[in-house]
Amino acid sequence: QDKHFRVLKTQGVRSGPDCQNLLASLHAARGILGAQLRVEGACEIVVGPSADLAGMVVGAFPPGGAWAEDGIPEASIEVSGEDYVAGVADDLSWSCWRLN
């Protein structure tokens, strides 16, 4: 049975430290799994199906930017996967972090 994750895109959050800080600021939100950042891209927050998207907005404003969808995070992409990072790909254009 596949599990689907949603990716919440930001605007203007383009550095690793800012992406990690945004992820850390969301630690109390239900369903947050991690963050990813592609070279020359914007930070994306990876959430599971149980994520409380409306609750994320409270107290979580992306540093140096905004949520890509009118100030409200919305699921923009669904991808299949596991509950955790199960492996890595040989793709140096991505950096990924997960909550402990």
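**Close-ups of the core and its cysteines**

**View 1. The largest nonpolar core has 15 residues, and Cys43, Ile45 and Val47 make the most contacts inside it.** A nonpolar core here is a set of buried Ala, Val, Leu, Ile, Met, Phe, Trp, Tyr and Cys residues joined through side-chain atoms within 4.5 Å. Helix H1 (16-25), strand E2 (32-38) and strand E3 (44-47) each bring at least two residues to this core. Helices (H or I, at least four residues) and strands (E, at least two) are DSSP runs, numbered from the N terminus. This is a predicted model: local features need pLDDT of at least 70, side-chain atom pairs count only at pLDDT 80 or more, and totals for chains, interfaces and linings use all residues. Residues are numbered from 1 along each chain as its sequence is written, and side-chain values use heavy atoms, with hydrogens and water left out.

**View 2. Cys19 and Cys43 form a disulfide, with their sulfur atoms 2.1 Å apart (the cut-off is within 2.5 Å).** Cys19 sits in helix H1 and Cys43 in the loop between E2 and E3, so the pair ties together parts that are 24 residues apart in sequence. The link is right-handed, with 65° about the S-S bond. Both Cys19 and Cys43 are buried (under 20% relative accessible area; exposed is over 50%, partly exposed in between; 1.4 Å probe, protein chains only).

**View 3. Around Cys43.** Leaving aside residues up to four places away in sequence, Cys43 touches Leu8, Lys9, Thr10, Val13, Cys19, Leu22, Ala35, Gln36 and Leu37 (contact: heavy atoms within 4.5 Å).

**View 4. Cys96 is exposed, at 51% relative accessibility.**
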